[in-house]
Amino acid sequence: MIVLTVDQQRSTTRGDKVPDFLARAGVWGERLDGIELPFERTVGDEVQAVVSSPSTALALVLEIVRLGGWRAGVGVGEVQDPLPEHSREASGPAFVRARAAIDRAKRRSSAVPVAIQGGDGQASADVEAVVHLLGAVVERRSTAGWEVVDLLVDLERSGADATQREVARRLGVSEQAVSQRVRAALWAEERAARPVVARLLGELDTI
C-alpha cells in the first residue's frame with residue numbers, strides 16, 4: 001500500500017490552500033483508480049491519502065508537482081487492515097515511512113520537493129531519483145505544452161481520435177505546431193517512462 005502525505009509550502013504567507021487542494025484532488029479521484037482513502041486534511045495544512053495502485057500514486061505525485069506550492073512524502077509498505085474510514089485513524093509502516101519522507105521533503109530545496117520511503121533505503125533512493133526526473137519534466141512544461149498534452153489525454157480517455165491532427169483541428173493551429181509542442185513537452189518520453197517508474201514504486205512494497 002502507498003501513503004501520500006502532502007504539506008503546503010509557505011502557508012503563513014500564502015494562506016490556507018487546503019480547501020483548494022482538496023477540490024482539485026476530488027477531480028483527480030474521478031479519473032484515477034485505486035484510491036482507497038481519498039485526500040483529507042489530517043492536521044494543520046497537511047493532507048493525506050492511501051492508494052493501492054502504484055501508477056495512481058505516481059500520477060498523483062506528478063499532479064502535485066504540476067500544481068506547485070506543495071511537498072509530498074510517499075511511504076510504501078503495510079497498513080492497518082481493514083482500513084478505517086479516515087487516514088488519520090490508520091496506522092502501519094507505510095504511514096511511518098510517509099512521515100519520514102515528508103520530513104525529508106521539507107528539508108529539501110528543490111523544484112521537485114518529493115521524497116519516497118520504502119523498506120529498502122537504496123531501492124527507495126533509486127525510485128525517488130527517477131520520480132524527480134519525471135517531476136522535472138512536468139514542472140518545466142510550458143502552458144502551450146500542457147494545452148496539447150491535456151487535450152491528448154482527454155481525447156484518449158473519452159475514446160475519441162487522440163491524434164495530433166485532431167488536436168490541431170480543435171486548437172485551430174497547424175499539425176506542425178502541435179508536433180513541436182509535443183516534442184518540447186517531452187510527452188512521449190514521460191508516457192513511456194511512467195509504467196516503468198510505477199513498477200519500480202510498486203516493487204518497494206515487496207521489499
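Q: Under what relative accessible area does a residue count as buried, and what is the value for Arg141?
A: Buried means under 20% relative accessible area, whereas exposed means over 50% and partly exposed lies in between. In this predicted model, Arg141 falls under that cut-off and is therefore buried, with a relative accessible area of 8%.

Q: Which residue forms a salt bridge with Arg141?
A: Side chains of opposite charge can pair when their charged atoms come close. For Arg141, which sits in the loop between helix H5 (121-140) and helix H6 (143-158), the partner lies 49 residues apart in helix H9 (residues 187-203), and the pair thus links distant parts of the chain. The closest N and O atoms of the two residues are 2.6 Å apart. The partner also counts as buried, because its relative accessibility is 2%, and the residue that pairs with Arg141 is Glu190.

Q: What separates Arg169 and Glu166 along helix H7?
A: Arg169 and Glu166 form a salt bridge in which the closest N and O atoms are 2.7 Å apart. Both residues belong to helix H7 (residues 164-171), and because they are three residues apart there, the separation is about one helical turn.

Q: Is Arg169 buried or exposed?
A: Its salt-bridge partner, Glu166, counts as buried at 12% relative accessibility. Arg169 itself has a relative accessibility of 58%, and because the cut-off for this class is over 50%, Arg169 counts as exposed.

Q: How far apart are the closest N and O atoms in the salt bridge of Glu203 with Arg199?
A: These two residues are four residues apart in helix H9, so that about one helical turn separates them. Glu203 is partly exposed, with a relative accessible area of 34%, and Arg199 is likewise partly exposed, with a value of 48%. In the salt bridge that Glu203 forms with Arg199, the distance between the closest N and O atoms is 3.1 Å.

Q: Which residues are linked with Glu46 in a network of salt bridges?
A: Glu46 is one of the residues in contact with Glu40, once the neighbours of Glu40 within four places in sequence are left aside. Glu40 lies in strand S2 (residues 35-43) and counts as buried, because its relative accessibility is 15%. In the network of salt bridges, the residues linked with Glu46 are Arg99 and Asp103.

Q: How many salt bridges does the structure hold?
A: Among them are the pairs Arg141 with Glu190, Arg169 with Glu166 and Glu203 with Arg199. For the structure, the number of salt bridges is 17.

Terms used. Residues numbered from 1 in each chain as written. Predicted model: local features only at pLDDT ≥ 70, side-chain atom pairs only at ≥ 80, totals over all residues. Heavy atoms only, no water. Buried < 20%, exposed > 50% of the residue type's maximum accessible area, 1.4 Å probe, protein only. Contact = heavy atoms within 4.5 Å. Salt bridge = Lys/Arg side-chain N within 4 Å of Asp/Glu carboxyl O.
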